[in-house]
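The points below are meant for a colleague who is opening this model for the first time. Please keep the sequence and the structure in view while reading them.

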Amino acid sequence: MNSIEYKAFYDKVGKINGWDFSNVKCVSEGIKWDFYNEVTKTCKKSDILLDIGTGGGEAILSIADSALLLVGIDHSTGMIETATKNSAESDIANVRFLQMDAENLNFPENFFNVVSSRHSCFYAKEIAKVLVKGGMFLTQQVSETDKLNMKEAFGRGQALGAKKGSLKAQYITELNEAGFNDIQSFEFNAIEYYQTPEDLIFLLKHTPIVPDFGQYELDFQILQQFILENQTERGIKTNSERFMIIARK
């Protein structure tokens, strides 16, 4: 997918459900951290936080009491519509949502104490511009070999064939060049068990793991075979591989 295709995809998803997968039944083994829990550990009550690629806003609404002000941005109109709706229903006063591109952060310089970005593109120089001296940036990203058995089964998929670790190395280089220091990285490769075929289909239809899932004639036939080959007593088995980078400006 190119950037225009991604935007169209996330607009569609945002209008349906934001980024809320709470109803998907999945059991995981080997997850080493909860990203937004790590964000809260970094925040002080007096901090201003920026969340890039905030989706439907569920995550920062859930940690609203960890900072003075939380601002979530997303390039997708659909996502921001969902986030605004979720915010109104939550009655939380210190969270704001704005439609904005990560490559052009239209905020005052040295404004935020903490910037977070989960599974979303970011631009290190833009973050350095709006982050205070000594401020913290945290990101969690999807590794190249995430859902590897699934992508291999379909013969297409997000970052399929890319060298493992290349995205993490690229981001660390960009953060160094933007003036960040004390850069730390962490990773895990967890096992996931999706409880029913419907849970797996929801995942495939609402994420870009397998681009254009369902639009190819053989997709559901491939999926059926994948489920047969990966069905276990605990559920349909795949992997969830993530890396996290924490950097100080």
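1. A word on terms comes before the strands: two strands are said to pair if DSSP finds at least two bridges between them, and the elements themselves are DSSP runs numbered from the N terminus, helices being H or I runs of at least four residues and strands being E runs of at least two. Two bridges join strand β8 (residues 231-232) to β9, and these strands run antiparallel; glutamine 231 has isoleucine 236 in β9 as its bridge partner, and the hairpin formed by β8 and β9 has two residues between them.

2. On the basis of the model: this is a predicted structure, in which local features need pLDDT of at least 70 and side-chain atom pairs count only at pLDDT 80 or more, while totals for chains, interfaces and linings use all residues. Residues are numbered from 1 along each chain as its sequence is written, and side-chain values use heavy atoms, with hydrogens and water left out.

3. Strand β9 deserves attention, since 12 of its 14 residues are buried, so that the strand is largely enclosed by the rest of the structure; here buried means under 20% relative accessible area, exposed means over 50%, and partly exposed covers what lies in between (1.4 Å probe, protein chains only). The strand pairs with β6 in the antiparallel sense over seven bridges, and with β7, again antiparallel, over 12 bridges. Within these pairings, phenylalanine 137 has alanine 247 of β9 as its bridge partner, and asparagine 189 stands opposite glutamate 241 of β9.

4. Asparagine 230 belongs to helix α9 (residues 219-230), and with 18% relative accessibility it counts as buried. A polar atom of the asparagine 230 side chain lies 2.9 Å from the backbone oxygen of phenylalanine 226. A contact, meaning heavy atoms within 4.5 Å, is also made by asparagine 230 with Asn149, Gly235, Ile236 and Lys237, once its neighbours within four places in sequence are left aside.

5. Helix α2 (residues 35-42) has Phe35, Tyr36, Glu38 and Val39 as its buried residues. Seen down the axis of α2, these buried residues fall within an arc of 150°, so they line one face of the helix, the arc being that of the directions from the helix axis to the C-beta atoms. They pack against β2 (48-52), α3 (58-62), β5 (112-118), β6 (131-142) and β9.

6. How many salt bridges does the structure hold? There are 12, where a salt bridge is a side-chain nitrogen of Lys or Arg within 4 Å of a carboxyl oxygen of Asp or Glu. One of them joins lysine 129 to glutamate 126, with the closest N and O atoms 3.1 Å apart; because these two residues are three apart in helix α5 (residues 124-130), about one helical turn separates them. Lysine 129 is partly exposed at 27% relative accessibility, whereas glutamate 126, at 15%, is buried.

7. Another salt bridge brings together the side chains of glutamate 241 and lysine 164, at 2.2 Å from N to O. This pair links distant parts of the chain, 77 residues apart, with glutamate 241 in strand β9 (residues 235-248) and lysine 164 in the loop between α6 (148-154) and α7 (166-177). Glutamate 241 is buried, with a relative accessible area of 4%, while lysine 164 is partly exposed at 46%.

8. The side chains of lysine 168 and glutamate 187 also meet in a salt bridge, at 2.6 Å from N to O. Here too distant parts of the chain are linked, 19 residues apart: lysine 168 lies in helix α7 and glutamate 187 in strand β7 (residues 181-194). Lysine 168 counts as buried at 16% relative accessibility, and glutamate 187 is partly exposed at 38%. Salt bridges that share partners also join Asp146, Lys147, Glu192 and Arg242 into one network.

9. The structure holds nine aromatic pairs; rings of Phe, Tyr and Trp (its six-membered ring) pair if their centres lie within 6.5 Å, and planes under 30 degrees apart count as stacked, over 60 as edge-to-face and the rest as tilted. The rings of phenylalanine 137 and phenylalanine 180 have centres 6.3 Å apart and planes at 55°, so this pair is tilted. Phenylalanine 137 sits in strand β6 and phenylalanine 180 in the loop between α7 and β7, 43 residues apart. Phenylalanine 137 is buried at 0% relative accessible area, and phenylalanine 180 is buried at 3%. Ring pairs link Phe122, Phe137, Tyr171 and Phe180 into a cluster.

Definitions and conventions:
Polar contact = N/O pair within 3.5 Å; in protein donor to acceptor, adjacent residues only side chain to side chain.
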